[in-house]
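This report looks at a pocket and at the packing of helices. Please keep the sequence and the structure in view while reading.

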Amino acid sequence: MTAETSQTLDRGLRVLKLLADTDHGLTVTELSHKLGVNRTVVYRLLATLEQHALVRRDLGGRARVGLGVLGLGRQVHPLVREAAMPALRALAEDIGATAHLTLVDGAEALAVAVVEPTWTDYHVAYRAGFRHPLERGAAGKAILAARRPPRPADENADDPGYTLTHGELEAGACGAAAPLLGVTGVEGSVGVVMLADVVPERVGERVMHAAREVAEALR
């Protein structure tokens, strides 16, 4: 900690991060051990966060992330969209296909930013706000692929780092998408959708490059 930072705020944010990383919540004792502070400090932190609905405690006393974070989360999409737009514009113009940034929303994939190419005679109409199951379409499947535990390098020969699909969301349309990697708190993918029988060979690598650009902009 430096003279310009707040120790209490730092601890409160660390509590939220710890709770966000667990599905079953944490007790005061567990938080005390993880933070390296006494239980009294943890009780005070939790009480303050509860007042703002950022933390809730169940009947067993385990603390969990509260519904108040949803209000903060609503402001995330515009920020993520703004950061991703330069890479999406370059991708759409380079490939001549509709580019999109898709984030996880529950069990669905939600397109939060879409850029259409300016020079093509026709392209797939794909709008921000479009939803589909994670199990369908390149965008969702790329996200699910990133959730799988990494395998040894010699077993990854059939895993190019991007996902291709055809006709899963719209007849005659195919897609390519690569997951966002290394961005804390953001789970999503960058991809393109086009009217074609097959995805051109270079598109997969180009989509991966765009995903890396977006991830870097979000870090």
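## Pocket and domains

In this predicted model, domain 1 (7-65) and domain 2 (72-218) each give at least three residues to the lining of the largest pocket. These two domains are the ones given by the domain assignment of the chain. Their C-alpha centres are 35 Å apart.

## The largest pocket

Rolling a probe the size of a water molecule over the atoms shows where empty space is left. The largest pocket has a volume of about 1,700 Å³. It is lined by 50 residues, and those closest to its centre are A20, V69, V76, G185 and V186.

Which element supplies the largest share of the lining? It is α1, with nine residues. Elements that supply at least two residues each include the helices α1 (7-20), α3 (39-51), α4 (68-73), α5 (76-95) and α6 (137-147), together with the strands β2 (63-65) and β3 (98-105). By residue type, the lining consists of 27 nonpolar, twelve polar and eleven charged residues.

## Packing of α2 and α3

Two packed helices are described by the angle between their axes and the distance between the axes. For helix α2 (residues 28-35) and α3, the axes come within 9 Å and cross at roughly 110 degrees. Angles of 65 to 115 degrees count as roughly perpendicular, so α2 and α3 are described as roughly perpendicular to each other.

On the α2 side, the contact is made by V28, T29, L31, S32 and L35. On the α3 side, R39, V42, Y43, L45 and L46 take part. Seven residues of this contact between α2 and α3 are nonpolar, two are polar and one is charged.

## Packing of α1 and α3

How do α1 and α3 pack, and at what angle? Their axes are 10 Å apart, and the angle is about 75 degrees. The helices α1 and α3 are therefore roughly perpendicular to each other.

Helix α1 makes this contact through T8, R11, G12, V15 and L16, and helix α3 through V41, L45, L46 and L49. The residues of the contact of α1 with α3 comprise six nonpolar, two polar and one charged. L45 and L46 of α3 are listed in the contact with α1 and also in the contact with α2.

How values were computed
Residues are numbered from 1 along each chain as its sequence is written. This is a predicted model: local features need pLDDT of at least 70, side-chain atom pairs count only at pLDDT 80 or more; totals for chains, interfaces and linings use all residues. Side-chain values use heavy atoms; hydrogens and water are left out. On a 1 Å grid over the protein atoms alone, a cavity is a set of points where a 1.4 Å probe fits but cannot get out, and a pocket is an open set with protein on both sides within 12 Å along at least five of seven lines; lining residues have an atom within 4 Å of a point. Grid points are joined across faces, edges and corners, and a volume is the space filled by probe spheres set on the points. Helices (H or I, at least four residues) and strands (E, at least two) are DSSP runs, numbered from the N terminus. Ala, Val, Leu, Ile, Met, Phe, Trp, Tyr, Cys and Pro count as nonpolar, Asp, Glu, Lys and Arg as charged, and the others, Gly among them, as polar. Domain bounds come from an automatic or database domain assignment. Axes are lines fitted to C-alpha atoms, for helices over the stretch in contact, and angles run from 0 to 180 degrees between N-to-C directions. Angles under 35 degrees count as roughly parallel, over 145 as roughly antiparallel, 65 to 115 as roughly perpendicular and the rest as oblique. Contact means heavy atoms within 4.5 Å.
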